[in-house]
Amino acid sequence: MIKRLTALMLCTIMLMTSVFVGNVSASEITATDIPAAVSESDKPTDTPAATPTDTPKPTVSGTDTPKPTVSDSDSPVSPDNPPQNPDDPTPPQEPEIKFDELKTVLTAKTAGYNSIHLSWEAVEGAVKYEIWSSGSLKGTYVYTVGVSDATEYTRTGRAFNKTFYYKVRGVNSDGEYTQFSEIASAKTQVLAPNAKAASYSYNKIKVSWNKVAGASGYMIYRATSANGKYTQYKRITKGSTTSYVNSSLTHGKTYYYKVRAYRTSGGKRIYGAYSEIVSAKPRLSKPSTVTLKRSSYYINVSWSSVSGATGYKVYRATDPEGDYILLGTTSSKKRTFKNTSVVPNVVYYYKIVATRSGVEGLPSTVKSASAVMAKPSSFSAASASGSSIKVSWGTVSGATGYVVYKSETADGEFVEIARTTAKSYTDNGLTLGKTYYYKVAGYRTSKGLTGVGTLTAAVSAAPKFTAPAISSVKKNSSSSLKIAWKASGGADGYYLYRSTSKSGTYSQIAKLEGNDKVSYVDEGRTSNKYYYYKIKAYRIVDGEEVLSSFSSYKSGRITKKVAYLTFDDGPSSNTIKILDILDKYDVKATFFVIGKSGRDKEYKAIVDRGHTIALHSYSHNYAKVYASEKAFWNEMNKVSDKIYSVTGVRTKILRFPGGSSNTVYKKYCRGLMAKLKKSVPAKGYYYHDWNVSSGDASGNNISKYKIIANIKNGCKNKTTVNILMHDTGSAKRTTVEALPAIIEYLLAQGYDIQPITEDSVLIQH
Ligand code: ZN
């Protein structure tokens, strides 16, 4: 046998103690554990003892075990160990090291209060490792356990706080042994805890650790700087307790801790190794809830209270990962914040931090929201001129201004055309008659951002002429009215319309070319009659006239005192006398005649002398005239035919026997008068009642003074008078006698005495 000696052999044995190696697993170990005390019979077959000749004795040896063989496998080739084949012509190879010259390196560490962890380097060729142990360095080493397919082993069930010594050797498949390793030892101890420290509230830190096997309790040490002096701070007297809350601390200050476990043995606390140093800072907790409520133009932030807080800070960002800017601070009592510096449709991210004496706690979870903005109410669009449209809308709460969008089709793309702080906008340069579509929304600007709110639905309008307003209708002469209006922007001319009633048919009476034609004289108008006028402007676009809508109407009249002298029930023996008087004063009257034989001379004289002849029924018999609508028209047609046959005149002017307000007709045909009042104008006739009565029908030959007085009285305060008199021969002689005085009175009062025509003012009951 070749003996080897290495420097290692002279090394003193390293005692591996108090080294924390973490969780040691023994699951790979295949050998069965055996008790610490190994009987002689369990000993493996002895191996040839190493008998060094030229080296000192190894310093370690067992008493009742084979001598550990120590050798160095890395030693150079010995002359006593020549190449295996001396005849080989190749140069000598590195000599092969024999298995029994090899030796592993063993490490022992404490694995807990009752266990030791062993590990060693693998030896090539080894199929098994024998672990030998001893309770003392120089005591007897006994075979303890064999381990296959592993290079580590945890020895459990050891006595606490005691050092154990081990050595290991390998065995190959031929049953050959390596040399024993150097002796390694370790002491059973409680392990170092794995500690943590974290803020527990504004003035508390929670120190926690894992449960250490076999621990009777733990000792907590504290310092105020990492490398400062650690003082024994708190002893935990239960091995199952794994945390401690350190209270009454200073907010924001860092505290340092280390923890070690102990096991009581023989009335004494035996301590394990210290944990790593851990530190924490007591900080205010984060608000557990943050609530965001969005409104029309702001976001309300509220949050839950934090114990120990003296105030809160509200931070906001527009990017969740971006810079959070301080928005504001509140007192500890106020846990809401109204954030008005927001704009619609931008997402804002908020977090809340509690503060105590200016030191911030932990930030809350980030919450996000975006504000909305209502759409403008009462949005409308209307033509403002022949080339512009005005859009108008209502206020939107929180809006900085408004954005107006336009499209040329209802479902087309709406393009922004204006931003304004006003509540209306006039879009100019448009095409007359073309329809345009608009939408509007509020916008809000804050801190460099602008957001647009909810859009209205589209509204449309087309540029039209503003109907020019008629400014006046005034008397121009005794028979003409002058109509004036204001020029319409963009008009090329105007159409003027007239009606004789407010809501009647308006007929075009003139076309006025040129924007500056802003008045017109309407000739041939009747005094005291109201005329109604409307106007439209036109503009020539692509050769075609585009019209404005109608203006509203304006009315006027030629005010004049007019008297209509009317004589009913003729002709008679008085007719010529009456005509002579009228001729004398050169005034014309109206005769409502009935059918009479032998009076053709009078019928003709009325017409020939320039007076108006009119219808009053043929028989003047109420029972006949008012028997029916048909009977009425038979009566009127009959007298009309009579007049026509005698005078050649067809008249459309009539007076109801008894006037339109008579009640006698009801005896013959109820409801007839209402029908006649409609059918008379419908057939193109004009019926006239009276507003001054001479009273000559109240009896035969009433005093002429009485007749004159009645007429004077009836004319008071009247501009237009229709005076009722009768032409019935001998019974009405006094009417003829009163007539000159009546005419003189009317002329003196300024009345223009006229015959009734189709244009005359209608005096109707
Ligand atoms: Zn009559």
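Visitor: What does Asp-492 count as, buried or exposed, or something in between?
Guide: Asp-492 counts as partly exposed, because its relative accessibility is 32%. Buried means under 20% relative accessible area and exposed means over 50%, with partly exposed in between (1.4 Å probe, protein chains only). This is a predicted model, where local features need pLDDT of at least 70 and side-chain atom pairs count only at pLDDT 80 or more, while totals for chains, interfaces and linings use all residues. Residues are numbered from 1 along each chain as its sequence is written, and side-chain values use heavy atoms, with hydrogens and water left out.

Visitor: Okay, and where is Asp-492 found?
Guide: Look in the loop between β33 (480-485) and β34 (493-499). Helices (H or I, at least four residues) and strands (E, at least two) are DSSP runs, numbered from the N terminus.

Visitor: Which residues does Asp-492 touch, leaving out those up to four places away in sequence?
Guide: Glu-513, Gly-514, Asn-515, Tyr-538, Arg-539 and Ile-540 are touched by Asp-492. Contact here means heavy atoms within 4.5 Å. With Ile-540, the Asp-492 side chain reaches the backbone nitrogen at 2.7 Å. That is a polar contact: a pair of N or O atoms within 3.5 Å, where within protein one must be able to donate a hydrogen and the other to accept it, and residues adjacent in sequence count only if both atoms are side-chain atoms.

Visitor: New topic! Which residues are the protein donors of the zinc ion?
Guide: They are Asp-569 (OD), His-616 (NE2) and His-620 (NE2), at 2.1 to 2.3 Å from the zinc ion. Donors are N, O and S atoms within 2.8 Å of the metal (3.2 Å for Na, K and Ca), and sites may look incomplete because water is not among the atoms. Along the chain, the zinc donors follow the spacing D-x46-H-x3-H.

Visitor: Where do Asp-569 and His-616 lie?
Guide: Asp-569 lies in strand β40 (residues 562-570) and His-616 in the loop between β42 (612-615) and α3 (622-625), so this pair ties together parts that are 47 residues apart in sequence. Asp-569 and His-616 are both buried.

Visitor: What about Thr-612, buried or exposed?
Guide: Thr-612 is buried, because its relative accessible area is 12%. This residue is part of strand β42, and a polar atom of the Thr-612 side chain lies 2.9 Å from the backbone oxygen of Ile-756.

Visitor: What kind of peptide bond joins Gly-570 and Pro-571?
Guide: A cis one, with omega about -5°. Pro-571 is in the loop between β40 and α1 (575-585).

Visitor: And the helices: how do the axes of α6 and α7 cross?
Guide: Helix α6 (residues 704-715) and helix α7 (residues 733-748) have axes that come within 8 Å and cross at roughly 35°. Axes are lines fitted to C-alpha atoms, for helices over the stretch in contact, with angles from 0 to 180 degrees between N-to-C directions. The contact includes Ile-707 and Ile-711 of α6, and Ala-738 and Tyr-745 of α7.

Visitor: Last one: how many helices and strands are in the protein?
Guide: The protein has seven helices and 47 strands. Of its 765 residues, 46% count as buried. Among contacts between residues at least 6 apart in sequence, 67% join residues at least 24 apart.
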